[in-house]
Amino acid sequence: MKRILSGRKRIIQRFGVMQFQAILRGSQVQSTTVTLEDVKRDILTDTLIRTGNRNLGAMGYTEHGYRHINLVSNIAQNVIKRLGFSGREVELVAIAGYMHDIGNVVNRDGHHMSGAVLAYLILKRLGMPQDEIGTVTAAIGNHDEEAGSPVNSTAAALILADKSDVHRTRVRNTDIASFDIHDRVNYAVEHSFLRAMEEDRTIILELEIDTRICPVMDYFEIFLTRMLLCRRSASFLGCRFGLQINGNKLI
Ligand SMILES: [Fe+2]
Ligand SMILES: [Fe+2]
C-alpha cells in the first residue's frame, strides 16, 4: 500500500492532479506543449536511443547515437527556420530529428516504422496534442529511403537532415583494412554542410571528400537513392536540391 501511494505521489508531482485523475479514468492525458528538452529528459527515450545505437554497433553499422540524432535535430531545425517556418514547427522537427532512429532498438529493418510507433506512445504519454503527434510520427515513419516520402514539411526537413549526415566521425570500425563501402565513404567525407537558402529556394548539400580514400562514384553507388529522396524532399519544401562535392556542382 505504501509503495502504491508513493507511486501515486510521483505521478501527481509529474503530471498534476488533473492529469493523474485522467490516467486513473483511463482517458487521454490533457494536451500540453512538449518540448525537445522534455523528450531529452524522458528516460525511456534515452534508453531506446542508447540501446538502439549499441545494437547497430554490434551489427557493424556506423554511429546512430547522440552525435547523429543531435546533429540531425539541429540541421532539420536550421532548414525549417531558414525557409521561414514558425517556432512550433521548428520545435516539432527538432523532436522528430532527436527521436527518428529510436526504432533501431527493435530491428534495423523497418526501424522507421517501429520508431514511429514507439514515438507515438512516448509523445502521447508526455501529453503532446494529437495533431502534433501525427506530424512527428509521420516524419519518423517516412525518413527511410526504402519506403519514405516527404509527406509533410517536418518529414521533408528530417529526410534532408538525416541523409546529409555522412562524415568521418560516424565510422566506428577502427580497422581501415576491413572497411566496407559504407565505412569507406563515410570516412572519406571530411566536411558536410546542408545549406538552405530562402531567397533562391535552394538546398545544397556541400561535401568535401578525400578521393584518395574513396572515389566520388562510391558515394553515388550507395547514396543515389538517398539523393533522389532529398530532391523530392526539397521539392516538397518548394526548393531545388543541389549536391556539391569538392566545390563542383554535380546535381
Ligand atoms: Fe534511420
Ligand atoms: Fe538517422
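Me: Why are α5 and α9 called oblique to each other?
Reply: Helix α5 covers residues 66-82 and helix α9 residues 153-163, and their axes cross at roughly 125°. Angles under 35 degrees count as roughly parallel, over 145 as roughly antiparallel, 65 to 115 as roughly perpendicular and the rest as oblique. α5 and α9 are therefore oblique. The model is predicted: local features need pLDDT of at least 70 and side-chain atom pairs pLDDT 80 or more, while totals for chains, interfaces and linings use all residues. Residues are numbered from 1 along each chain as its sequence is written, with chains lettered from A and ligands numbered from 1 in the order in which they are written.

Me: Which residues make the contact of α5 with α9?
Reply: α5 brings Val72, Ile75, Ala76, Val79 and Ile80, and α9 brings Ser153, Ala157, Leu158, Leu160, Ala161 and Asp162. Contact here requires C-beta atoms, placed from the backbone, within 7 Å. The residues of this contact divide into 9 nonpolar, 1 polar and 1 charged. The axes of α5 and α9 come within 8 Å, and their crossing is right-handed.

Me: How does α9 meet α11?
Reply: The axes of α9 and α11 come within 9 Å and cross at roughly 145°, and this crossing is left-handed. On the α9 side the contact uses Ser153, Ala156, Ile159, Leu160 and Lys163; on the α11 side, Arg226, Leu229, Cys230, Ser233, Ala234 and Phe236.

Me: What makes β2 and β3 a pair?
Reply: Strands pair if DSSP finds at least two bridges between them. β2 (residues 202-209) and β3 (residues 240-245) have 6 bridges, in the parallel sense. With helix α11 (residues 216-236), β2 and β3 make a right-handed β-α-β unit.

Me: How many bridges join β3 to β4?
Reply: There are 2 bridges between β3 and β4 (residues 248-249), and the two strands run antiparallel. Glutamine 244 stands opposite lysine 249 in β4. β3 and β4 form a hairpin with 2 residues between them, and asparagine 246 in the turn has a positive phi of about 50°.

Me: Why do β1 and β4 stand at the edges of the sheet?
Reply: The open sheet has 4 strands in the order β1-β2-β3-β4, with mixed pairing. β1 (189-197) and β4 each have a single partner strand, so one side of each is left without a neighbour in the sheet. The partner of β1 is β2, joined in the antiparallel sense over 8 bridges. Valine 189 has isoleucine 209 of β2 as its bridge partner. α11 packs on the sheet, touching β2 and β3.

Methods: Right-handed = clockwise from strand over helix to strand, strands pointing away. Axes fitted to C-alpha atoms, helices over the stretch in contact; angles between N-to-C directions. Left-handed = near helix turned anticlockwise from the far one by under 90°. Contact = placed C-beta atoms within 7 Å. Nonpolar A, V, L, I, M, F, W, Y, C, P; charged D, E, K, R; others polar.
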